[in-house]
Amino acid sequence: MFSDNPLLLHTRRHFFRECAVGLGTVALASLLNEGRAAEKEAELVNPLAPKKGHHRAKAKSVIYLFMAGGPSQLELFDHKPKLTELHGKPIPEEFIKGKRFAFMDSFTKEPPKLLGTRRKFDKHGERGTWVSECLPHLAGVVDELAIVRSLATNVFNHAPAKIFINTGAPQAGRPSMGAWVTYGIGSEARDLPGFVVLQSGPRGPRGGAPMWGSGFLPTTFQGVPFRGGGEPILNLSSPKGVSADHQRDVLDAVKELNSAHLADTGDPEIATRISSYEMAYRMQTSAPELIDLGKEDRRILEMYGAEPGKASFANNCLLARRLVERGVRFVQLYHTDWDHHGGGGENLTTGLDKVCREVDRPCAALIKDLKQRGLLEDTLVIWGGEFGRTPMGEVRDTVGRNHHIEAFTMWLAGGGIQPGDLGATDELGYAAVDDRVHVHDLQATVLHLLGLDHTKLTFKFQGRDFRLTDVHGEVVKKLLA
Amino acid sequence: MKPLLPLCVAALLPGLGRAADAVDYTRDVKPLLAKHCGSCHGADKQRSGLRLDTAASIRKGGDSGPAVVPGKSGDSRMIQAVTGAEDVVAMPPKGPRLTEKEIATLRAWIDTGAPTPANEVADKPTTPASKHWAFQPIVRPTEPDVKNKEWARNPIDRFILARLEKEKIAPSPEAERVTLLRRVSLDLTGLPPSQQEIDDFLADKRPDAYERVVDRLLASPHYGERWGRHWLDLARYADSNGYSIDAPRSIWKYRDWVIDAFNKDLPFDQFAIQQLAGDLLPDATTEHRIATGFHRNTQINQEGGIDEEQFRVEAVVDRVNTTGSVFLGLTIGCCQCHDHKFDPLTQREYYQLFAFFNSVDEPTLELPTPEQVKKRDEVKAKIAALEKRLKAIDDVTPEKLAAWEGSLTPEAKAMLPEKIQAILAIAVNGRTPAQEQTLITEYRNIEQTRHAATVLGESNAFGRTAHLLVAGERQALVKALSDAKKEMPAITTTLIVRERKEPRTTHIHKGGDFLRKGAVVTPDVPAVLPPLGIKEKLNRLDLAHWVVSEKNPLTARVTMNRFWQAYFGAGLVETENDFGTQGTPPTHPELLDWLASEFMAPLTLPSPPKEGGEGRVRGWRMKEMHRLIVTSATYRQSSKNRPDLATVDPRNRLLARQSRLRLEAEVVRDVALASSGLLTRTIGGPSVFPPQPQGVYNFTQVPKDWKPSTGPDRYRRGLYTFLWRSAPHPGLTVFDAPDATFACTRRNRSNTPLQALTLLNDQGFFEFAQGLAGRVLKEAKADDEERLRYAFRLCVSREPNQRERETLARLLTKQRELFAQSPKEAQALCPSDLPKDADVANFAAWVAVARVLLNLDEFITRE
């Protein structure tokens, strides 16, 4: 399994040898020079078995609400009266000199003009946090959130930017955050994958599978996409016409023959295969129950705005709660169409209204629901896109905003997070000026909350140690409770 | 020197106005630079391409440009670096910073014009380029002596055995015959042996029976498929453009070229040269051009709003990195942004390699058949004729228009539509382009009508008729043209590389950013490797020849190591993609060098050579190396775990046994197809679409077209499955097939529940189980025990043992009884084309047995 990790391969062989000659876990522990023999033993059979991290974790699981396309922070969270005041004026040249943007031709004719928001902002919650009228439900739980208005990233096209925030590099091929996490600490879920990806919106997000891929880590750690409607996992149902009893009979025979072959060859890989089949069978049994939202209390369904059997972001939020309840380590929800350039339906009026309506209530419901069940304290909830949007308008059919990497807003809540406002942008909302949080810092912080040190969580590939944060990243201390 | 310094500094203080000539380069500046900068910018090492040990090299500068601007210390990078100015990395990075005084000395020297002493001689390097093993020439080692001479079948075994004897470990016995047959068949062709082949081999008592099998397998066209697919991993072959849009592309001709090259045993040096620079070969053939598709397997970004140059550069970067890892086994990619942290490779050298690949165009090559050429010429002629007629109708020159306008009488004008009258009322130079166009259209209608009307008479009614006639003719022409275009034959195309007439200038990209251009570089190879030997007008062909030159210490070692990896699960160098200083050293260095030298050595065969001339056969023969490895005693050992090895060699690096290896994704499919008797053995052709579960594209940006193939194409080998980079067939991904974003030099062999779900439940695999059940019932003697034996042999080649027979028989009996009671359930498991009189319960029970066999660990393992 860990063909790229000589040590683990080594320890596995050792484990089986020691067992074969009757030495118990004590011998194994001394062999590994770590007091984690039982843990190692479990890992040999199931690479997703829970593991201890580098330090005590504040969060056990993650629900990452990914707003694909780049939500406009200036319409939602970053209140800029000055920008409204200067609406229609050209942006001062010092802001954009030497900077690059997507769709550069939209800037070539004349200096871009500032675009004040038409959305009304109000102070909410005990701290008086600014949130716009677009997110009324979320405003109701704002005291639970840490709103970071000073995010910055490196990449201004969708796919590379999404891959960057997920994997720490803009090119596809590195392991994603969820893969690193399950590689680092495994998963508590016995019957389900450790890293699950859910999707809503009209189409898949730009960037695709590399965003939840395992890169050069073993594929065990890659995100498993659950499909909206139909089967949540590919090939989860037995072939048409195969009854549960029949399936079990087939599996029993497979197990018997594989066990005999294990005895004959002594190859521990067969033991892993046997346990994979058992896990597969448990998934077949447990996943249909998991996705059946019909059993949820009517009030809960209403709170989320979820309708059993329908594919929606609301259903996915509820499903995410059910997944972390069952011990799944990392759940990522993609919601597409936040790319409000101003063309077609992609505008800051009806287009933005639509996506806000789709996510506002379920996001707030998720926070409330997790809290009332006592799950919020060890579930880290993350909300945000791959970049932000410019304070300058972009003229298409209507006036929208272009991709922007210098400043955007995300919020975090739950497991180990200190609620509050963090960071600020300049008076036009162009760039982060206080407590700038780079994407690599965010990644370091997420790992930290899960008990992982981002500088130590490494994997050797192509001759060097790789990590999620590349050679950058610092834990954002101010975000920690 | 010291006592002078305060004076110098005083001399430099602003306002003092003293002459600055108190600073002397040789006396003051040179020792200072040697002390602070020499270890990184001296004779031994030139970080960022910068050397500071002579005044001339200081002026020349490094990858970021000159270090000094004579007369302007403030603008000089050297001063910016030592003072830690913005945007420049502060120097020195480690050790004490320069004192104020020292900085003042440097400033003074620069401000006086940085005078350069005559005849300054640069220091000679004190250390050799590298002592690292992989950069040393390949010297053919002598075969070691071994005690157990009986065991060794060829030189490979002597190297392996010598080490085992040293460790006092006995090798494992040879694997059972049938295991060996299945192993070598899977390794060389990716298909299990047929029942006949098993029987023949077991009955063949000749001492060279096994070698005969190897000959047969190497001559099989399936060998090219099997080893071609290994190469396609390196070539990052896919059928789509990648990135987010991921549109389909046609480059399967390159895939077929690779298969064919293996089958005809194209020597590896030719194989490499044609792929890297086939277009530059004298008298390059179509085949040579197709081969250059190797470096067209780069991704293409079609997302809106991108910078085209950025992604052109990304593709060149990929070509450099892929060439580095595939042929040289080096992590050259590290140097895109900075000098290599561990290996003697610089960023400058990276861009020197980049320069070889920077001057290519990326055209599409059409590959018409002779019939298609004929047809295309016919259609082209037809189209040209139609277009000519259309043009005659449509052509309007400004002169014609002006003449027409001038000829219009007031009465004539009054008859024109109001819109036209309005335009005519505007002065010619005051009309908008849109108005011009409206006028031209009107003129065309009227004037062309007039020609017709002249024939028909001048009356208005006739004129209108004539107008309609012309309009009708035009319409007919447009339709004929569109029909003719549809007749164009659908010609196969493939993506190729072509050298530009005018090469592009290559700059170093500072920090790997293509927008931050550093010094200009010209093509060359890294200094730590043997030189090219030529200096003028270097191109990719020169690079290709260098890659496979016998002096190159890496290519043969890297290639042989990868062969070894395919046969034993790990290479002699375990880090198959890093032969640099951070890689693991080879377990058997002499064996690796022996293989490499044997690989390159011209081989003399008893039969007269067909190519190569002068009485010898060319080297770099791949089939010969495969033959050597698979006929060795080392390869032929049993793969069973040995408790005695657990302590001394837990990871089987010494190879006192073979390794059990899970089959690659495509081969998992292939063995299922072969066992069930469904396999279509066609070699090559456009990629195909075997069934896949619903919902695969829910997660891709652009939904893909996947209409499952029917007929024989439904059952093609795994390597022909259409590969969408953004969403490869899940049956491939789940077994660790690469997604072709980068060159994949080694696949993972994971072992996951999703694999279990695939083999258990996937529609395709269920069809295979039905196929297997049908085949067994049809082909084996009508007797449960015989049938079980036959089915078992079809799947894992060997005979079932007592326990296995009992387990399967029990399952069969139970299922048959159950299905007899519920015929409906039984019917559901049978294929729809089952004959009406068939015993449905029996068939369904056999489907159960077949499913068990297709899910065995042994079934997807090479023992």
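Trainee: How many residues of chain A are in contact with chain B?

Mentor: This is a predicted model. Contact here requires heavy atoms within 4.5 Å. On the side of chain B, 77 residues take part, and the number from chain A is 83.

Trainee: Which element gives the largest share of the side of chain A that touches chain B?

Mentor: The elements giving two or more residues to that side include helix H1 (6–20), helix H11 (244–265) and helix H12 (268–291) of chain A. The largest share is 14 residues, and the element that supplies them is H11(A).

Trainee: What area is buried between chain A and chain B?

Mentor: Carbon and sulfur atoms give 56% of the buried area. Of the part that chain A buries against chain B, A:Asn235, A:Leu257 and A:Arg273 supply 11%, more than any other three residues. The area buried between the two chains is about 6,800 Å².

Trainee: Which residue does A:Arg273 meet in a salt bridge?

Mentor: Between chain A and chain B the count is five salt bridges. In one of these, the side chain of A:Arg273 lies 2.9 Å, N to O, from its partner, B:Asp857.

Trainee: At what angle do helix H9 and helix H16 of chain A pack?

Mentor: A:Phe164, A:Ile165, A:Asn166 and A:Thr167 in H9(A) meet A:Val439, A:His440, A:Leu442 and A:Gln443 in H16(A). These residues divide into four nonpolar, four polar and no charged. The helix axes are 8 Å apart, and the angle is about 35 degrees.

Definitions and conventions: Residues are numbered from 1 along each chain as its sequence is written. Chains are lettered from A and ligands numbered from 1 in the order in which they are written. This is a predicted model: local features need pLDDT of at least 70, side-chain atom pairs count only at pLDDT 80 or more; totals for chains, interfaces and linings use all residues. Side-chain values use heavy atoms; hydrogens and water are left out. Axes are lines fitted to C-alpha atoms, for helices over the stretch in contact, and angles run from 0 to 180 degrees between N-to-C directions. Helices (H or I, at least four residues) and strands (E, at least two) are DSSP runs, numbered from the N terminus. Ala, Val, Leu, Ile, Met, Phe, Trp, Tyr, Cys and Pro count as nonpolar, Asp, Glu, Lys and Arg as charged, and the others, Gly among them, as polar. Buried area is the accessible area (1.4 Å probe) that two parts lose on being put together, summed over both. A salt bridge is a side-chain nitrogen of Lys or Arg within 4 Å of a carboxyl oxygen of Asp or Glu.
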